[in-house]
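Here's a quick briefing to read alongside the model. Have the structure open and follow along topic by topic.

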Amino acid sequence: MGVLSNLEPKEVFEQFEALSMVPRRTYRDEKISDYCAEFAKKHGLEYVQEESGNVIIYKPGTAGYEDSEPVILQGHMDMVASKTLDSDHDFDTEPLELFVEDGYIGAKNTTLGGDDGIALAYAMAVLASDDIPHPPIEAVFTVDEEIGMGGAHALDTSLLRGKKLFNIDGEEDGILTVGCAGGTVCTVVIPVSRRHRNGIKVTVTSRGYVGGHSGNDIQKQRGNAIKDMGRLLHSLSKKIDFSLLSVNGGNAANVICQYCTAEVVMSADRADNFIERLNDLVSILKEEYGDSEPGLSITADAGEVDDYSVFNWECTVNTIWYLYGALDGVQAMDRHVEGAVESSLNTGIIVTEEAFCKVTYQARSSVASKLEEMLQRLGLWSEIVGGRLEVESSYPAWPYKPESELRPLMVEVHKELFGDEPRIEVMHAGLEGGILMGKDPDLDIVTFGPEMLNVHTPGERLNIESTARNWEFIKEVLRRLK
């Protein structure tokens, strides 16, 4: 007897528990890819297993649906492999240890893989069924979504005839996601020439910012430690002569920066004035943020008088001007979906090397031309200070489709089944839908799924009741796509 054997719907949780026995962390998808191929063989279904590891399984339509347009059920195989500090779980060889508690499913001391094992479980339950009316099914299971969405990039969409695509990778019940931003990770490289300067080193440290995901939280106007450091240094440079020694902060392009450290060198007799003026500026900054940045701390510590290799005057000015003036934050709101962000830029990382200062960004927009326009403006800023813009990686947007056939049908079914209208959202973060839409602009995609909590952590939980609701939802939408 499985841990989930008494849960309803049995056909879904049976598949989910079986999937949980197969190791499938990102970049180690071999076993789960083979499992999906074997599932197709077991049920006598045609399938394609791509070189990347992606698997497509085909099932004919049921009686009366044989000539209907195929429907694509899509999700990703891989899961984030995270565990508690005291766990010795081996994600490459060991199955997950599932448990049921307070209406949720979890895994002992590890991530659950509900993101996105539940999509595979739903699709496999449809593929294995003999009593669910449905059009021809094209079940698409992609690899390596969690880091880089490599499976979606590699997918050969010419193998698909369907245009209506269910991306079952949502984490909030009652939300239909119908678009997402495209994105680019890029770095501005500012050249640094150095000279020797004798003086006292003062270290300015900012920490304790709330931070957040630059796709989900950018509109919340949270502080960015790098941008605030640029503002502080710019204000101080008007009154006090100092040279930059280094500026470093942040750990990821897509995270709103939570900490930054700047080292500056000045005459020893100016250090006290520098720190006093800094403290006055920090008081203003904290007043502006109010309660939104409760942990914010910006301090300055004077070090030793010595001979330092600092930025020359021009490079000090250029770097400070750039950090203060360059684009950051929300650039435009969506014109179709109220409250959604259209375009944004996040200053994620700054690193100082001997001859360069490098600032890395995550740029996002649901409008391709606006994304390009932001990059052009960022490139212009870099040219002004003698630098250059380097684009590292990109993924396309999934634009909102006013003429969608799938979205209004799903809204109608949701209202009839559950008595309320689902919320329509455009996500300001990257989804596989953006890559797939880039490959086939005729696709009609909706992302949805059951409630999950604390995804990507050992506290990940899958709501049992919500899973059952979405199963009824999927079956009814399929029934109406005759």
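Strand S9, residues 182-191, is mostly covered, with 9 of its 10 residues buried. Keep in mind as you go that this is a predicted model.

- S9 pairs with strand S16 (residues 356-365) in the antiparallel sense, over 10 bridges. To find your place in that pairing, look for Pro 191, which stands opposite Phe 356 in S16.
- S9 also pairs with strand S17 (residues 388-395), again antiparallel, over 7 bridges. Here Gly 183 has Tyr 395 in S17 as its bridge partner.

**Strand S10 and its partners**

- Strand S10 (residues 194-207) runs antiparallel to strand S13 (residues 297-311), and 13 bridges join the two.
- Thr 203 is bridged to Glu 263 in S12.
- A general point for anyone looking at side chains here: in a regular strand they alternate between the two faces of the sheet.

**The four-stranded open sheet**

- This sheet is open, has 4 strands in the order S4-S5-S21-S20, and its pairing is antiparallel. Its edge strands are S4 (98-101) and S20 (452-453), each of which pairs on one side only.
- Inside the sheet, strand S5 (residues 104-107) and strand S21 (residues 461-463) pair antiparallel over 2 bridges. Ile 105 has Leu 462 in S21 as its bridge partner.
- Helix H11 (residues 464-480) packs on this sheet and touches S4, S5 and S21. The direction of H11 makes about 50° with that of S21.

**Nonpolar cores**

- The largest nonpolar core has 63 residues, and the ones touching the most other members are Ile 57, Ile 105, Phe 141, Phe 166, Phe 448 and Val 477. Helix H3 (residues 114-128) gives the most to this core, with 10 residues.
- What does Val 477 touch, leaving aside its neighbours within four places in sequence? Val 477 is in contact with Phe 166, Leu 406, Leu 409, Met 410 and Val 413.
- There's also a second, separate core of 51 residues, which includes Ile 226, Leu 232, Val 247 and Leu 323.
- As background, nonpolar side chains tend to be buried together in soluble globular proteins.

**Aromatic pairs**

- The count comes to 7 aromatic pairs. In one of them, the rings of Phe 242 and Phe 274 have their centres 5.5 Å apart and their planes at 85°, so the pair is edge-to-face.
- That pair links distant parts of the chain, 32 residues apart: Phe 242 is in the loop between helix H5 (225-237) and strand S11 (243-249), while Phe 274 is in helix H6 (residues 271-289). Both Phe 242 and Phe 274 are buried.
- Phe 448 and Phe 473 form an edge-to-face pair too, at 5.7 Å centre to centre with 90° between the planes. Phe 448 lies in the loop between strand S19 (444-447) and S20, and Phe 473 lies in helix H11, so this pair ties together parts that are 25 residues apart in sequence.
- Phe 448 is buried, with a relative accessible area of 2%, and Phe 473 is buried with a relative accessible area of 2%.
- Ring pairs also link Phe 166, Phe 418, Phe 448 and Phe 473 into a cluster.

**Cysteines**

- How many disulfides does a search of the whole structure find? The search finds 0.
- Cys 180 is in no disulfide, and the nearest cysteine sulfur, that of Cys 186, is 18 Å away. Cys 180 counts as buried, at 0% relative accessibility.
- Cys 257 is in no disulfide either, with the nearest cysteine sulfur, that of Cys 260, 5.9 Å away. A disulfide needs the two sulfur atoms within 2.5 Å.
- Cys 257 is another buried one, at 1% relative accessibility.

Terms used
Residues are numbered from 1 along each chain as its sequence is written. This is a predicted model: local features need pLDDT of at least 70, side-chain atom pairs count only at pLDDT 80 or more; totals for chains, interfaces and linings use all residues. Side-chain values use heavy atoms; hydrogens and water are left out. Two strands pair if DSSP finds at least two bridges between them. A nonpolar core is a set of buried Ala, Val, Leu, Ile, Met, Phe, Trp, Tyr and Cys residues joined through side-chain atoms within 4.5 Å. Buried means under 20% relative accessible area, exposed over 50%, partly exposed in between (1.4 Å probe, protein chains only). Contact means heavy atoms within 4.5 Å. Axes are lines fitted to C-alpha atoms, for helices over the stretch in contact, and angles run from 0 to 180 degrees between N-to-C directions. Rings of Phe, Tyr and Trp (its six-membered ring) pair if their centres lie within 6.5 Å; planes under 30 degrees apart count as stacked, over 60 as edge-to-face and the rest as tilted.
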